[in-house]
Amino acid sequence: MVLTKKQWILIGSVASVLVVAIVVGVTVGVVVGRKKPEQQTIEPPTTEQTTTEQTTTEQTTIEQRVHAILAEHPLIDGHNDWAWAIRRDFRNNITNVDLYDMTKYHVNNSTPFQTDINRLRKGQVGGQFWSIYTRCTHQGKDATVSFMEQIDLMNRLIAKEPDVFQMATTADEVRQAFQAKKIASLFGIESGQAIESTFSALRLFYQLGVRYMTLTHNCNTPWADQHMVDRPGSTLVKNNGLTEFGKKIIIEMNRLGMLVDLAHVSKKTMLDVLSVSKSPIIFSHSSAYALCNQTRNVQDDVLRLVKDNRGIVMVAFTPIFITCDSNYLGNISGVAAHINHVRNVAGIDSVGLGGDYDGIDETPVGLEDVSTYPKLIEYLISQGNWTDNDIIKLIGGNLLRVMEENEKNARELQETMQPLEDMIPLEDLRKYNFTECRYLDMYPSTTTT
Ligand SMILES: [Zn+2]
């Protein structure tokens, strides 16, 4: 067929339109294709966003995902001995101490500081139970005063850096501090010698903001046994767990809303507390006995009781509790194994983090200081069996729930219970020779002693 001039013009026009359409189409396609990844901006997850966030975060790197979780949900560690390290190296003088960068201090060849403001911020720490600790050697002498010195130190430190720290005494106050971009600062006393066996001191420590008490350190109190009595061949004096007075201390702590901390206590003390306590307990810094049979760690039968109690085991990073080998510091995967074990036995609602920074001389490789929490979370996520919601529970959600249950139980108990007024039996004090620095006027038969 021979085409006319008119037909050739028509074909030319159609062809031109097609070429233009193809060029435009390809260009649009390329632009849209390039734009797609840019539209996948990372939004911090919120409690409301669960399924949609999953799709988004799966396409981001694990590092970005962890950063986003920690920006939205407070990571609250159960135990940090910064106050102790400042007492040890600076005799509680902080006027001329650079609290932002303490890597430069190596006082008397002591362990370098593992905590400072720069590294807390880098580690995205949202809240911290600051350990209020002094040595067992104060017991029976000036223990209460020494603990008050450490509370005063932390009060001064928080007041010195009001843009960084904010005191918190309830779960709600932790959330408020976190919203204000401050590190929620909670106090826990380590350990029971602080109260010198009187309810008066216990109640006043509560008023000073203390929200947990570790019942013992590496020494008995006259009313509770420490973990070392469980070591083979131990000849230490024993109370056989909690004494009757010790049981009353647990009840008074429940009534106040002060968390009972079972780190450092003997197994019998753990079992006694778990049968007496009306509120969920904590282990502020202990790991899994099944993986490392240190008496400081928690045995599986106790982990199951912690689950029933709705309590929480906050896994310590202390190398010797992780590896049971004094020649091997362990690493992130070793700590993760303890976290996974506690989770597997006690459940996802009963696991947390209690690094024990500045209370330990050495750390696992990769967890050198408070800036490293994100690396641990990244490792857990990379293993594939931790969802965002699981991580939120681990880093602080479980602890906040335990605090809320203690607060609620305390309110209820206060409606039916009066403050306890018992005194520790004199023979319990004499057993430990704690009567010498104590005037015994409150014990009627000994008023002339
Ligand atoms: Zn400790």
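Colleague: Let's start with two helices: how do α4 and α6 lie relative to each other?
Modeller: In this predicted model, helix α4 (residues 82-90) and helix α6 (residues 143-160) pack at an angle of about 105°, with their axes 10 Å apart. Axes are lines fitted to C-alpha atoms, for helices over the stretch in contact, and angles run from 0 to 180 degrees between N-to-C directions. Angles under 35 degrees count as roughly parallel, over 145 as roughly antiparallel, 65 to 115 as roughly perpendicular and the rest as oblique. α4 and α6 are therefore roughly perpendicular.

Colleague: Which residues of α6 meet α4?
Modeller: Two residues are in contact if their C-beta atoms, placed from the backbone, lie within 7 Å. The residues of this contact divide into four nonpolar, one polar and one charged; Ala, Val, Leu, Ile, Met, Phe, Trp, Tyr, Cys and Pro count as nonpolar, Asp, Glu, Lys and Arg as charged, and the others, Gly among them, as polar. From α4 come Ala83, Ile86 and Arg87, and they meet α6 at Gln150, Leu153 and Met154.

Colleague: Good to know. From which number are the residues counted?
Modeller: Because the model is predicted, local features need pLDDT of at least 70 and side-chain atom pairs count only at pLDDT 80 or more, while totals for chains, interfaces and linings use all residues. Along each chain, as its sequence is written, residue numbering starts from 1.

Colleague: How many helices and strands are there?
Modeller: Both are DSSP runs numbered from the N terminus: helices are H or I with at least four residues, strands E with at least two. Counted that way, the chain has 16 helices and nine strands.

Colleague: Which element has the lowest mean pLDDT?
Modeller: pLDDT is the predictor's confidence in each residue, from 0 to 100; the chain has a mean of 89, and 86% of its residues reach 70 or more. Residues 14-45 stay under 50, and the model has 15 contacts for them beyond four places in sequence. Where pLDDT is low, the predicted coordinates should not be read in detail. Among the elements, strand β9 (residues 351-353) has the highest mean, 99, and the lowest, 41, belongs to helix α1 (residues 5-39).

Colleague: How are α9 and α15 oriented to each other?
Modeller: Helix α9 (residues 244-256) and helix α15 (residues 388-416) have axes 6 Å apart, at an angle of about 105°. That angle makes α9 and α15 roughly perpendicular.

Colleague: And which residues of α15 make the contact?
Modeller: By class, this contact of α9 with α15 has three nonpolar, three polar and one charged residues. On the α9 side are Asn254, Arg255 and Leu256, and on the α15 side Asn409, Ala410, Leu413 and Gln414.

Colleague: How many residues does the largest nonpolar core have?
Modeller: A nonpolar core is a set of buried Ala, Val, Leu, Ile, Met, Phe, Trp, Tyr and Cys residues joined through C-beta atoms within 7 Å. A residue is buried if 20 or more other C-beta atoms (placed from the backbone) lie within 10 Å of its own, exposed if 12 or fewer, and partly exposed in between. Val313 is one of the residues with the most contacts inside the core, and among its neighbours are Phe283, Val298 and Val342. The largest core has 103 residues.

Colleague: Is aspartate 358 buried or exposed?
Modeller: Aspartate 358 sits in the loop between β9 and α14 (373-382), with a positive phi near 65°. Most residues other than glycine have a negative phi. With 25 other C-beta atoms within 10 Å, aspartate 358 is buried.

Colleague: What about asparagine 240, buried or exposed?
Modeller: Asparagine 240 is in the loop between β5 (210-214) and α9, and it too is a non-glycine residue with a positive phi, of about 60°. Its count is 11 other C-beta atoms within 10 Å, so asparagine 240 is exposed.

Colleague: Last one: how far apart are the C-alpha atoms of alanine 316 and serine 287?
Modeller: Alanine 316, in the loop between β8 (312-315) and α12 (319-323), is buried, with 28 other C-beta atoms within 10 Å. Its contacts beyond four places in sequence include His285, Ser287 and Gly354. Alanine 316 and serine 287 are 29 residues apart along the chain, and their C-alpha atoms are separated by 5.6 Å.
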